[in-house]
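Here's a quick walk through a sheet, a helix and a couple of charged pairs. Have the viewer open and follow along.

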Amino acid sequence: MKYQTMSNILETNKKLKFKLYSLEYLIVKEASNVLIYILDSKIKKSYNSFEELMNNYLVYQESLLSQIDRIEILNN
């Protein structure tokens, strides 16, 4: 359910802000790809889709999808 909520927010706002393990992240949807940023850092990665990002972006050697229950959505 949280995956679908995150996907809907990203589709609607083109941005999704969330918190995981005390770090805040921002996902931005652009025309051809999806970017993820760690806020307060210059680190960013690009993926072809939200699904690819959720399956392949690793935090502590685990994908975001496998940690979905720990994610706190900060968008309203």
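In which sense do strand β2 and β3 pair, and over how many bridges? Strand β2 (residues 23–29) runs antiparallel to β3, with five bridges between the two.

Before going on, some housekeeping. This is a predicted model, so to speak of provenance: local features need pLDDT of at least 70, side-chain atom pairs count only at pLDDT 80 or more, and totals for chains, interfaces and linings use all residues. Numbering starts from 1 along each chain as its sequence is written, and side-chain values use heavy atoms, with hydrogens and water left out.

**The sheet**

Strands here are DSSP runs of E with at least two residues, helices are runs of H or I with at least four residues, and both are numbered from the N terminus. Two strands count as paired if DSSP finds at least two bridges between them. On those terms you get an open sheet of five strands in the order β4-β3-β2-β1-β7, with antiparallel pairing. β4 and β7 (72–73) sit at the edges with a single partner strand each, so one side of each has no neighbour in the sheet.

On one side, β3 is joined to β2 by a hairpin through four residues, and Lys29 stands opposite Val34. Ile36 in β3 is the bridge partner of Ile27, and Ile36 also has a bridge partner in β4, namely Lys45.

β3 pairs with strand β4 (residues 44–47) in the antiparallel sense over four bridges. Their hairpin has five residues between the strands, and Asp40 in that turn has a positive phi of about 65°. Over at β1, the pairing with β2 is antiparallel over six bridges, with Phe18 opposite Tyr25 in β2. The β1–β2 hairpin has two residues between the strands, and Tyr21 in the turn has a positive phi of about 50°.

**The helix**

Helix α1 (residues 2–13) lies across β1 (15–20), β2, β3 and β7, and runs at about 140° to β1. Axes are lines fitted to C-alpha atoms, for helices over the stretch in contact (heavy atoms within 4.5 Å). Angles run from 0 to 180 degrees between N-to-C directions.

**Salt bridges**

How many salt bridges are there? The count comes to two, taking a salt bridge as a side-chain nitrogen of Lys or Arg within 4 Å of a carboxyl oxygen of Asp or Glu.

| Pair | N to O distance |
|---|---|
| Glu11 and Lys29 | 2.3 Å |
| Lys17 and Glu24 | 3.6 Å |

Glu11 is partly exposed at 44% relative accessible area, and Lys29 is partly exposed at 27%. In the other pair, Lys17 counts as partly exposed at 33% relative accessibility, as does Glu24 at 30%.

Note on methods:
Buried means under 20% relative accessible area, exposed over 50%, partly exposed in between (1.4 Å probe, protein chains only).
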